[in-house]
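Biologist: Can you walk me through this model? I have a few quick questions.

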Amino acid sequence: MSTPDLVADAVVKRFADHVAVDSLSFSVERGSFFSILGPSGCGKTTLLRMIAGFIAPDGGDIAIGGRSMRDVAPNRRPVNMVFQQLALFPMMSVGENVAFGLARRGVGRADRVKRSTAMLERVGLGNAADKRVDELSGGQRQRVAIARSLVLEPTLLLLDEPLGALDLKLREHMKIELKQLQASFGTTFVYITHDQSEALVLSDHVGVMSHGRFEQLGTPQDLYYRPQTPFVAGFVGANNRIVGRTTQADGEIAEIATADGWIVRALTTGAIAAGDAVEVFVRPEVAILARNASELPPQHPQHAGEVQSVLFDGANSAVLLQEARTRREFRIALPQTGQFSDLKPQEKVAFSFDPSRAVCFAARAGAAGQDA
Amino acid sequence: MKNILIASFVLALSLGIGSAQADGQKLRIISWADYVPADLIAAFKKETGIDVELTLSNNEEMISKLRATGGAGYDLAQPSQDRILAAQREFGIYKPFDLTKLKLEQFQPEFLNIVRKNTTLDGKTYGLPYLWGTDGLVVNSKRTKIADYPDLCRPDLKGKTAVRLRRPTLMAFAFAAGKDPFALYGDPKAYGALMDQVGATLTACKASFKFFYDNKDQLLNGIRSGEVVAAMMWDTGGWTLNRSDPDIQFIVPRSGALGWLDTFALPARGRNDAAAYAWINFTMRPENAARVIKSVGSFSAAMNTTPLIDPRLKAQFAAAFPNGDLKGIHWYPAIPPGLEEMEGRVLDRVKAAN
Amino acid sequence: MRNSALDPRWHGRLALGLLLAPALLWLGALIILPHVDLAVLSFRERIGPRQYTASLAQYKTFFAEPLYWHVFLRTAAMSVIATFLTLALAFPIAWIIAKLARGRAGSLLFIICLIPFWVSETVRTLGWMILLRESGVLPAMLVKLGLTAMPVELLYRDATILVGLVYTSLLFMVVPLVSSLESLDNSLIEAAYDLGAGGFAILRRIVIPHAAPGITAGCIVVFMLTLGNYLTPTLLGGKNSQWFTEQIYTQFITRFNWEQGAAFGFLLLGLSTALVMMGLRISGQRFGDVMRRT
């Protein structure tokens, strides 16, 4: 196995009143797409800027391509960055933008033009070299920003929420394009975002970041199906969150009762004893809905509810229920069959979920009383 | 648009008010610093009820301002006697005096004659004498000794002397060179050659000059601070300095002092001639002339002021002009047109030379 | 007539005309008319008392007399030098205000630049004279520090004129520079740095091209102010000032030669126009764009 392209070793960054990056260690394999996912203020931008070299860490070390980056200025690192606002140079043509880095490396004029043109062709902008930056569409600019970095053949390409400024439709399109670009160039990408869908779609590995630490680092599938912390479970994908105490926690499946007496069952993660405060997460697509309780799989506990509203969103349609006794909200994804297309508010329904596909964590400090 | 209408209305109104006031009793004088002391204005107001509005100026500015307005804006001006005729011929900025309205017996006859001779055009008199004095040298006797204008150029005084870059300096250096520029007034070609020669002298001398002074205070500061040890200056300026520092003395140059004579003249479009005549008759009374002498320190062309003059000033004058006579003084005759342009070109060259 | 009065287009034009009337009136009465008058003046020659004839004599004099065009060229050259010195000094100041100082520190710096302008130009220049004259503060300090044996006259030198001009013009350069540098997105600088550029390359390729309209605007304003300055070169330059505006003043006021003065005035106008156009051509800016920046 080759050396990882990026190794962070106990990296620390403190600002006056808080720790932005708290002793973080991780590595990114050559040629992989690595995302750092977290809400704003979690420290992901600080981390990225430390990798780029704009901020010096207070402790620990960052190595790129096996070489320590201590005291290496940003313009000497084998790293390039695609900025959130892209930061294309408006005073230059598209071609000059792409050739800028080459010129700084002392590449001759003819070679510069050849290589930048070739790079523009690879991102599908072969005839845009002489255009002004403001003549391009949002997506085209995106590609120029990436081309400008990739033409330098960096060990690592950093991307700072580059899709944030685009509208939804274009964002969906660019997600796919980014992934294809990364696959075709084979360059290691480090991508930061607060959008879990971008992270899941694009990445080989994702680090979910909160308060300067990684809550969990793993494949998108791991994060989605096997969240290790309540934060990850709550942040990655939609989830129903139920807060209560375990009444029974002998085996892998525990029984949990909410304060107002709703009983559910879920798979435990970590050490949980009877009587512990816990948080239970149930994905909307794990629950099964039925008009009649008898239509539900008999092996799982069954719950009764009343339709509060139907949230139609094509393939992502869901129904928002109230549990019959406690009036707690519970969301269930609607199957694609159209079976429930005539569901009406106030309609009485039944639902169940496989306890082994619901997860239960010891409650976080201060989180016990709140519902998602 | 409305604002403009209002603004122009207000403007017109204020102009109207302004002229209405002037129709009342107001005398607008353009003159030199200290020539019109405040106590004289107060006494005049008390006697006649006329307010005096004073604007301070110098020869060139006075002429330029009157030229710009065609002789309007002031009721009385006080240019030097030699500068009146050329300006009158060229720009017509003055009107002649009606001598019957003046008490000519209040003027010393010799000054009256000099001025009338130099300011008469087509038989009409455009100027009357007011104050006179001389230009000579002021020296810090503790620091150096000088006798004539060219001494200002001595190598040992490099960067320590000063002159004005104006025509009196050209005249002074011409006399010091043994020439009489006034005698050449009628011969522009010879005069031009003389001026070129003087210009060359001044250019060669330029390193000696600390600065060309433009106003009294600049020179007084330079001398008091010791930066300037010798300068071309008018007599009373030197005597004023002498009172605070006995080392500083006014001396009459070997080639003679230059005598200047400032006058009264009526701007062509003055609005209050009656007040101007009243003012002239008033200020030339001995007791009022003495007030002026006290204020400016120069000598008046009025009669019978001698008993009223500060004895110290009399002593200083006697020391500078030991024979008591004014024979050695070169009085400026009226300048024929065209000469000033020549002089100007010479002065420009001196200024631009390195 | 009745129809045209009802025509909305005509109405619009009337409203626009009324809106512009004060400015046009101002322009016409106070700028264009005097210039026309001066132009007429400059093309006549005195042939006798109160007799004038149309002639190019005033312009001929300018070219025939080396003194005048010597001073003219000197004024132009010194103004260009003063403009570049001002730019060199103002740029770091503007950079600090726009990019480094945050919030209050930035405004404070700006105010420090502004303070000298709370007093009149005369007082400011006289202040310099008090500092620099032979018996002044700075020469005395030089003696005390043992740098010179005797107090040195620091006034009446070309360098002194330049110092005074730069000082007087600084703010007029800083303001457009700050506004153009403030609009420079910091991420552009970071991006250039990230792409391998050093400080000089960033300055040359990113900062200066971005700030070019501001730089050009500042340079035009400072150049025109400097070229047309009268007080500073005259007071600080003393016997050697030789500034062209002084020449114009002299012609008008002490020589009573309005014709020559008017011709000099037009030559100066032509010179400043020519140099500004040249500057725009060299920097590749358009006048309209630049003026919008000021």
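**A hairpin, then chains and domains**

Modeller: Let's start with a hairpin. Strand 9 and strand 10 of chain A form it, with two residues between them. In the turn, His211(A) has a positive phi of about 50°. Keep in mind that this is a predicted model.

Biologist: Which way do strand 9 and strand 10 of chain A run, parallel or antiparallel?

Modeller: Antiparallel. Strand 9 of chain A covers residues 205-210 and strand 10 of chain A covers residues 213-218. Five bridges join them.

Biologist: And what is the bridge partner of Ser210(A) in strand 10 of chain A?

Modeller: Arg213(A) is the partner there.

Biologist: Switching topic. What are the domains of chain A?

Modeller: The domain assignment gives domain 1 as 6-231 and domain 2 as 239-362.

Biologist: What distance separates the centres of domain 1 and domain 2 of chain A?

Modeller: It is 39 Å, taken over C-alpha atoms.

Biologist: How many residues of domain 1 of chain A are in contact with domain 2 of chain A?

Modeller: Four, and they meet four residues of domain 2 of chain A. On the domain 1 side, two are nonpolar and two are polar.

Biologist: Now chain C. How many residues of chain A are in contact with chain C?

Modeller: 17 residues of chain A, against 15 residues of chain C.

Biologist: Which elements of chain A each supply at least two residues of that side?

Modeller: Strand 6 (79-82) and helix 2 (94-104) of chain A. Helix 2 of chain A gives the most, with three residues.

Biologist: How do the residues on that side of chain A divide by class?

Modeller: Ten are nonpolar, four are polar and three are charged.

Biologist: What about chain C by itself? How many helices and strands does the secondary structure of chain C come to?

Modeller: Chain C has 14 helices and two strands.

Biologist: What is the radius of gyration of chain C?

Modeller: 24 Å. A compact globule of 294 residues would have one near 19 Å. The C-alpha atoms of chain C fill a box of roughly 70 × 65 × 35 Å along the principal axes.

Biologist: What share of the residues in chain C is buried?

Modeller: Buried residues make up 35% of the 294 in chain C.

Biologist: Last one. Among contacts in chain C between residues at least 6 apart in sequence, what share joins residues at least 24 apart?

Modeller: That share is 68%.

Methods
Residues numbered from 1 in each chain as written. Chains lettered and ligands numbered in written order. Predicted model: local features only at pLDDT ≥ 70, side-chain atom pairs only at ≥ 80, totals over all residues. Contact = placed C-beta atoms within 7 Å. Helix = DSSP H or I, 4+ residues; strand = E, 2+ residues; numbered from the N terminus. Nonpolar A, V, L, I, M, F, W, Y, C, P; charged D, E, K, R; others polar. Domains from an automatic or database assignment. Rg over C-alpha atoms; globule rule 2.2 N^0.38 Å. Buried ≥ 20, exposed ≤ 12 C-beta atoms within 10 Å, placed from the backbone. Pairing = 2+ DSSP bridges.
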